[in-house]
Amino acid sequence: MSTTRARQYWLMKSEPDEASIDDLAEKGTLPWTGVRNYQARNFMRDQMRIGDGVLFYHSSCPEPGIAGLAEVCSQPYPDPTQFDPESDYFDKASKPEDPRWSLVDVRFVGKSALIALPALREHEALADMVVLRRGNRLSITPVTAAEWRFITGKLMK
DNA sequence: GCCAACGTTGGC
DNA sequence: GCCAACGTTGGC
């Protein structure tokens, strides 16, 4: 018997040059490769469940912001790029018998009109969003159910 | 290109 | 375990 828990929500940053919401729409699903930060890894490895909601965020680009919706669609598994010497994400200290980096696959749900970063900051309801905190650099951050409802219900309407 | 913020590394 | 140096992220 499996334990159930309420659906949880996440914001995941991607540089559109590497993987944009259009790339995800075209491919259907994408493995979330390249995370090399322990906190972000732990979210994927230890806390995400299939079906969790994902705000797909474009970062390090001319117009940073939320570009669409996705959902977690796999269990966590080792990021194959960590073992590939040709990859930018190669980690020579990580051994296949004890992988350091995990990821999940995400599935395209929908593209939205871009909700740009300054627009996100306008809303009192989003004042405490982790991604909006000063100095935040985490590429994966938790989103509360209230924030999710506000963004998907009000801002994407 | 700048720089604030913060994670990681490594000497001690 | 401390902490300075260094590297990276990511908005501007």
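How many nonpolar, polar and charged residues does the surface near DNA strand C have? Good morning. The structure before us is a predicted model, in which local features need pLDDT of at least 70, side-chain atom pairs count only at pLDDT 80 or more, and totals for chains, interfaces and linings use all residues. Residues are numbered from 1 along each chain as its sequence is written, chains are lettered from A and ligands numbered from 1 in the order in which they are written, and side-chain values use heavy atoms, with hydrogens and water left out.

To the question: that surface has three nonpolar, three polar and two charged residues. Here Ala, Val, Leu, Ile, Met, Phe, Trp, Tyr, Cys and Pro count as nonpolar, Asp, Glu, Lys and Arg as charged, and the others, Gly among them, as polar. A residue is near a strand if one of its heavy atoms lies within 4 Å of it. The residues concerned are Lys 13, Tyr 57, Ser 59, Ser 60, Pro 64, Leu 117, Arg 137 and Ser 139.

Now let us consider the DNA side. Of the atoms of DNA strand C within 4 Å of the protein, 72% belong to sugar or phosphate, and the rest belong to bases.

Lys 13 places a polar side-chain atom 3.0 Å from a phosphate oxygen of DNA strand C. Arg 137, by contrast, has a polar side-chain atom 2.4 Å from a base oxygen of DNA strand C. Thank you.

How values were computed
A polar contact is a pair of N or O atoms within 3.5 Å; within protein, one must be able to donate a hydrogen and the other to accept it, and residues adjacent in sequence count only if both atoms are side-chain atoms.
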